[in-house]
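Trainee: I would like to learn how to read a few backbone and fold features in a model like this one. Could we take them one at a time?

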Amino acid sequence: MYDLVDYRNGDVKMVPTRNGFGEGLVEAGGRDRNVLGICADLSESTRFEAFKKAYPKQYVEIGVSEQLLVAMAGGLASVGKIPWIASYAMFNPGRSWEQVRTIMALNETNVKIAGAHAGVSVGPDGATHQAIEDIAIMRVIPNMTVVVPCDAAQTKKATLALTERWGPVYLRFGREKSAVVTTAATSFEIGKAQTFREGSDVAIVACGILVYNALMAAEKLARDHGIECRVVNNHTIKPMDEEAVVDAARTCGTVVTVEEHQRHAGMGSRVAEILAARQPVPIEFVGVDDRFGQSGDPFELVEYYGMGVDAIVAAARRAQERKK
Amino acid sequence: MQTLTSERLTELKLKANDVRQGIIRSLLAAGSGHSAGPLDMADVFTALYGYLLRHDPQRPDWEDRDRLLLSCGHIAPVRYSAMANFGYFPVEELLTLRKFGTRLQGHPERVTLPSVETTSGPLGEGLAQGVGIALGAKLDGKDFHVWVVTSDAEHQCDLHWEAMMTAAKFHLDNLTCVIDRNFIQIDGSTEDVMPLEPLGDKYRAFNWEVFECDGNDIGAFIETAERARSVKGRPAVVVANTVPGKGVPYMEGDYTWHGKPPNAQQAEEALRELQTARERILANV
């Protein structure tokens with residue numbers, strides 16, 4: 001089992017996942033001076049500031065130009081640099097998708113995208129700034145690695161691991177403070193899903209900050225409904241840990257997927273593709289139902305768009321029903 | 001420092017003629033592809049590979065080579081023909097252009113043919129990648145030069161202007177942009193589709209050093225490109241004025257040849273014209 005904080009008793013700190021990126025980048029930049037941070041006018045909100053201060057010669061500011069962010073990074077990578085390019089996920093890869101496909105993926109360059117402000121939990125900025133389609137557009141690209149860590153501590157580890165992994169990668173994280181469930185000691189490996197809770201009635205396969213909601217839902221399901229859930233932190237969307245997904249479906253006989261993304265074409269859809277081919281079971285999808293977000297309090301929006309703890313509980317109960 | 005003697009110039013003119021013949025043969029074999037742009041850039045690519053570039057066809061991954069990026073990937077036949085004629089691969093391979101399994105993809109791919117430096121075709125992306133390479137060279141104290149060949153019409157793409165601003169911000173004097181100013185694009189004249197003039201003034205306003213020359217005069221182009229390369233403290237651009245379809249009289253100046261290849265009869269006529277031109281070059285020595 002994995003080393004987790006005592007979340008059952010409410011012993012969780014709230015830290016934005018983006019902080020984990022900022023800390024991881026500083027460490028990565030110290031380990032290898034070829035690591036660059038390239039910023040498109042969002043140094044504070046993408047958490048570039050500490051890196052900029054620690055390694056000013058490895059920091060490049062290019063202003064509001066997300067297509068350039070990708071293309072220029074492709075050039076830098078071709079001469080041995082390891083550029084981390086950060087903006088809001090809505091603009092990179094949202095605006096820059098064709099450059100991502102051609103210059104990063106088809107051209108196989110060692111460029112790393114940090115997609116900040118993903119999900120409706122961006123909050124008051126509203127729908128224009130809430131990326132809830134980015135997993136879909138990134139997981140469809142050959143050669144791409146896509147990682148959505150569950151909390152700030154894991155985001156730091158993912159930043160370091162992705163820096164060392166050769167090739168184009170997409171790291172997705174959010175803006176708002178969210179529950180930290182892992183510890184500094186919790187292991188992390190790209191492409192290896194993590195079973196955070198054991199159970200054999202329903203498998204809840206989640207990613208990102210909603211892993212915490214999945215864990216809380218699992219406690220409620222056990223307490224109030226006698227349903228024991230396996231909770232899987234499925235942080236690597238591509239390449240997905242197929243064996244972990246198949247094993248969860250085989251053990252539990254039904255699956256609920258949970259992600260802060262459109263229900264279509266994201267992590268849950270990839271789970272469904274795998275299970276349709278290898279272990280068909282009923283699946284319930286928790287995510288945004290083919291709509292755009294809006295302004296509001298971050299967690300008010302998570303609830304409103306059907307990704308709160310109670311929504312996961314209801315989905316797990318439906319999944320349990322469908323087994324019969 | 002090299003000197004451009006009249007003998008050397010004649011050799012280069014003959015090479016440019018070879019490059020043009022290679023373009024026609026490869027396009028005929030492919031049965032699709034672009035004619036006008038590749039033909040009008042034969043002199044520029046010959047000048048680059050035959051005189052201006054620091055490169056070694058036997059060592060395409062040489063770390064200190066000058067980087068030549070082709071932003072407008074659709075004119076790949078001229079790059080492929082120049083590469084073949086300067087020893088990167090056998091000339092016969094040109095006949096595999098656009099065919100299944102070829103290294104000579106319809107638009108260049110670095111993964112299959114590393115010496116093309118970048119994968120290109122989607123327009124407006126070359127200068128931005130060149131900016132990245134030039135900045136990387138500065139960060140590492142490398143002295144190679146970065147050349148980016150662009151079309152004129154791709155100045156309609158936003159990303160190119162982002163790259164222009166950035167090259168000036170970082171004082172990338174190790175970067176030279178060469179514009180194939182042939183005034184045509186698929187839908188007609190650039191000035192009808194989306195006017196670009198005054199193009200040089202736009203670069204000046206972006207803090208670039210601007211040069212202009214006849215892009216179909218190898219000697220003039222070399223002399224201008226050398227001046228551009230020696231600019232200090234800022235990036236430089238060479239507006240190379242070219243005649244679309246140059247070297248094949250029935251194509252010259254006709255935008256409809258932008259995106260189609262010659263048929264067998266047209267190719268035969270083109271090769272005949274080019275052979276005549278070749279004899280004229282030799283006769284004038």
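Mentor: Let us begin with a proline: B:Pro198 sits in the loop that connects helix H7 (190–193) with helix H8 (199–205) of chain B, where helices (H or I, at least four residues) and strands (E, at least two) are DSSP runs numbered from the N terminus. This is a predicted model, in which local features need pLDDT of at least 70 and side-chain atom pairs count only at pLDDT 80 or more, while totals for chains, interfaces and linings use all residues. Residues are numbered from 1 along each chain as its sequence is written, and chains are lettered from A and ligands numbered from 1 in the order in which they are written.

Trainee: Which residue does a cis peptide bond join to B:Pro198?

Mentor: In general, most peptide bonds are trans, and most residues other than glycine have a negative phi. Here a cis bond links B:Glu197 to B:Pro198, with omega about 0°. In chain A, a cis bond joins A:Lys238 and A:Pro239, again with omega about 0°, and A:Pro239 belongs to the loop between strand S12 (236–238) and helix H8 (242–252) of chain A.

Trainee: Where is B:His171, with its positive phi, and is this residue buried or partly exposed?

Mentor: B:His171, whose phi is near 50°, is placed in the loop between helix H6 (158–169) and S3 of chain B. A residue is buried if 20 or more other C-beta atoms, placed from the backbone, lie within 10 Å of its own, exposed if 12 or fewer, and partly exposed in between. B:His171 has 15 such neighbours and therefore counts as partly exposed. A:His117, with phi near 55°, has 25 and so counts as buried.

Trainee: What is the strand order of the open sheet in chain B?

Mentor: Two strands pair if DSSP finds at least two bridges between them. The five strands of this open sheet follow the order S1-S2-S3-S7-S6, with parallel pairing, and its edges are strand S1 (67–70) and strand S6 (209–214), each of which pairs on one side only. Strand S2 (residues 146–151) and strand S3 (residues 175–181) of chain B are joined by six bridges, and B:Val146 has B:Leu175 as its bridge partner in S3(B).

Trainee: How many residues does each chain bring to the contact?

Mentor: Two residues are in contact if their C-beta atoms, placed from the backbone, lie within 7 Å. Chain A brings 20 residues and chain B 21 residues, and H3(A) gives the most to chain A's side, with nine residues.
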